[in-house]
Amino acid sequence: MAVNQSRRARAARKRSKRVAAADNDLTPAQWVQIQDAWGGCAYCGAAASADAALQRDCVLPISRGGRYTVENVVPACRSCNASKCNEEVTHWLRRKRLDEGAFLVRLYEVNAATRAGLAAADAAPGVDAVVSDSR
């Protein structure tokens, strides 16, 4: 079987190897929780629609050592995700003249809320109620 040697195909194979090698622990339930917490595109605020779903965007790109984790993934509209590419988020925000400070504060708040929600969800099912009779 012939292997496609185009530049795009080689880049896709290389990226898939990087993604497979990284510790990616983002579950579909966590992705839904992140989308709900942001309420739209993390960068421009565009809401998700039936025509245009939000995409997973790594704040620290995979090509720069990022992973698909709760702390590193934000929802992004197609335009923002394509524009950011593999650029560092703070540099990209400055170049696009978006509010860098507001994004970083919101990222911190959403990550803190998401961690708290996940900790509560993890603790609840595993808690075994010990009923002691005090007679």
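Trp-38, Tyr-43, Trp-92 and Phe-103 are linked by ring pairs into a cluster. The model is a predicted one, so to speak of local features takes a pLDDT of at least 70, and side-chain atom pairs count only at pLDDT 80 or more, while totals for chains, interfaces and linings use all residues. Residues are numbered from 1 along each chain as its sequence is written, and side-chain values use heavy atoms, with hydrogens and water left out.

There are three aromatic pairs in the structure; rings of Phe, Tyr and Trp (its six-membered ring) pair if their centres lie within 6.5 Å, and planes under 30 degrees apart count as stacked, over 60 as edge-to-face and the rest as tilted. Trp-38 and Phe-103 make a stacked pair, because their ring centres are 5.9 Å apart and their planes meet at 20°. Trp-38 belongs to helix H2 (residues 28-38) and Phe-103 to helix H5 (residues 100-126), so this pair ties together parts 65 residues apart in sequence. Helices (H or I, at least four residues) and strands (E, at least two) are DSSP runs, numbered from the N terminus. Both Trp-38 and Phe-103 are buried, which means under 20% relative accessible area, with exposed over 50% and partly exposed in between (1.4 Å probe, protein chains only).

Tyr-43 and Trp-92 pair up edge-to-face, at 5.0 Å centre to centre and 70° between the planes. This pair also joins distant parts of the chain, with Tyr-43 in the loop between H2 and strand E1 (55-58) and Trp-92 in helix H4 (residues 89-95), 49 residues apart. Tyr-43 is buried at 9% relative accessibility, and Trp-92 is buried at 0%.

As for salt bridges (a side-chain nitrogen of Lys or Arg within 4 Å of a carboxyl oxygen of Asp or Glu), the count is three. One of them joins Lys-84 to Asp-57, with 3.6 Å between the closest N and O atoms. Here Lys-84 comes from helix H3 (residues 78-84) and Asp-57 from strand E1, 27 residues apart, and both residues are buried. Arg-95 meets Glu-87 at 3.0 Å, N to O; Arg-95 is partly exposed at 44% relative accessibility, whereas Glu-87 is buried at 16%. Arg-94 and Glu-100 meet at 2.9 Å, with Arg-94 exposed at 52% and Glu-100 buried at 19%.
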